[in-house]
Amino acid sequence: MIKNNKTDKIVKFLDCYIPVKTCNFRCNYCYITQNKWWGEKLPKFKYSPEHIAKALSKKRMGGTCLVNMCGGGETMLPPEIVDITRCLLEEGHYVMIVTNGTISKRFDEILSLDKNLLKHLFFKFSFQYLELKRTNLMKIFFDNVRKVKESPASFTVELTTVDELIPHIDDIKKTCMRELGALCHLTIARDETKPSIPRLSNLTEEQAREVWGQFDSAMFDFKLPLFEKKRKEFCYAGKWSYCVDFGTGNMIQCYGCGLVQNIFEDLESPIKSCPVGKHCPNPHCWNNHAFLCFGDIPGFTAPRFSEIRDRICKDGSHWLKPEFMNIFNQRLDENNVHFTEKEIDKIERKLNQKPFKYYRYLVLRLLTFGKLKQKYTKKIGKME
Ligand code: SF4
Ligand code: SF4
């Protein structure tokens with residue numbers, strides 16, 4: 001475990017959807033490509049960045065939050081992302097941006113923010129090797145990584161392990177060592193067209209471990225055996241973590257769950273506590289590297305998020321700066337009060353009495369996978 005440096009404590013993890021459904025890339029494995037959702041223009045945000053930050057005020061959320069922002073397409077395409085980031089940082093939260101790393105103008109705008117704000121900012125660079133080659137943007141990508149590295153912000157670089165990349169593994173490793181001084185981390189592509197959301201690969205788990213193990217990625221090592229394994233433990237998603245749509249303000253407990261409340265409409269309404277408990281509606285916890293590493297299931301053995309995001313470069317530098325080392329070493333189950341056994345029993349009894357409220361997405365997923373899913377997902381917002 002990496003040593004803590006500061007005293008800020010994270011009480012909630014918010015996985016936030018930026019309502020952009022377009023991208024300058026066309027990755028084959030992308031769920032937008034899989035669902036044929038391309039072609040939409042940049043969104044018009046209904047709520048201002050100031051309003052969004054107010055809705056997520058520390059006072060209302062019960063303390064400092066870790067706010068992850070990810071678009072349906074490329075997160076950094078909408079110009080509003082700069083002010084949304086600034087306002088959330090000014091509110092005192094820690095912010096993560098998921099990006100394909102090629103929108104240089106937006107990096108320059110964000111990196112010109114106050115240095116103290118930038119210390120609370122983290123970029124997750126998705127290393128889209130094939131698209132970077134096709135579009136001749138490899139240099140731009142690594143230039144932007146370097147800009148972040150030289151700033152007070154933190155970052156990670158992550159490659160999605162699709163089978164079409166296997167013939168390129170040697171070049172990917174060489175490129176990473178040359179440009180980053182360390183190998184990228186690895187994640188797993190999922191097949192969004194199937195209700196069980198399986199791994200998008202023809203390799204068995206064992207073969208995948210053999211092929212991709214050479215990257216020595218703690219992220220991949222943790223995710224792989226948990227993929228396609230349904231979680232049945234008591235999960236605090238809906239209390240310690242939420243998914244929020246920044247287009248509508250709709251807040252749900254986790255992917256596939258029912259609406260908890262709209263947090264943008266009435267800024268005075270308290271945030272509802274609505275834990276998922278043992279009723280996770282998803283076939284498996286595909287973003288377990290976040291939810292489980294941050295402790296949504298107390299007692300679940302998982303590495304600290306710092307271990308799956310950081311790398312030490314050849315020059316001895318870390319991808320994570322001290323502020324994010326501290327934050328990514330924390331777990332929500334260590335920073336929050338737990339329910340007693342009696343309270344858990346009561347929550348479970350209630351959940352068992354109202355299954356459809358909590359399972360409506362699951363029912364729709366099973367019965368109407370396809371067009372209706374798209375319609376419904378658009379309505380509640382795509383949260384991943
Ligand atoms: S960069 Fe991201 S959003 Fe764009 S096509 Fe690739 S996976 Fe999809
Ligand atoms: S997907 Fe994971 S974090 Fe979300 S409710 Fe299920 S177990 Fe909890």
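Predicted model: local features only at pLDDT ≥ 70, side-chain atom pairs only at ≥ 80, totals over all residues.
Asp 216 is not a glycine, and yet it has a positive phi of about 50°; it counts as exposed, because 12 other C-beta atoms lie within 10 Å and the cut-off for exposed is 12 or fewer. In the loop that runs between H11 and strand S7 (241-245) we come to Glu 228, again a residue that is not a glycine but has a positive phi, here of about 65°. Glu 228 has 14 other C-beta atoms within 10 Å and is partly exposed.

Turning to the helices, H9 (residues 169-180) has twelve residues, so that at 1.5 Å a residue it should span 16 Å, and the 16 Å between its end C-alpha atoms agrees with this.

How do H5 and H8 lie relative to each other? The axes of H5 (residues 104-111) and H8 (residues 138-149) come within 10 Å and cross at roughly 5°, and since angles under 35 degrees count as roughly parallel, that is how we describe the pair. Ser 104, Phe 107 and Leu 111 of H5 meet Ile 140, Asn 144 and Lys 147 of H8, a contact made up of three nonpolar residues, two polar and one charged.

Finally, ligand 2 has around it, among others, Cys 235, Cys 254, Cys 280 and Cys 285, together with Arg 231 and Asp 296; its shell divides into eight nonpolar residues, one polar and two charged.

Key: Residues numbered from 1 in each chain as written. Chains lettered and ligands numbered in written order. Helix = DSSP H or I, 4+ residues; strand = E, 2+ residues; numbered from the N terminus. Expected span 1.5 Å × (residues − 1). Near = placed C-beta within 6 Å. Nonpolar A, V, L, I, M, F, W, Y, C, P; charged D, E, K, R; others polar. Axes fitted to C-alpha atoms, helices over the stretch in contact; angles between N-to-C directions. Parallel < 35°, antiparallel > 145°, perpendicular 65-115°, else oblique. Contact = placed C-beta atoms within 7 Å. Buried ≥ 20, exposed ≤ 12 C-beta atoms within 10 Å, placed from the backbone.
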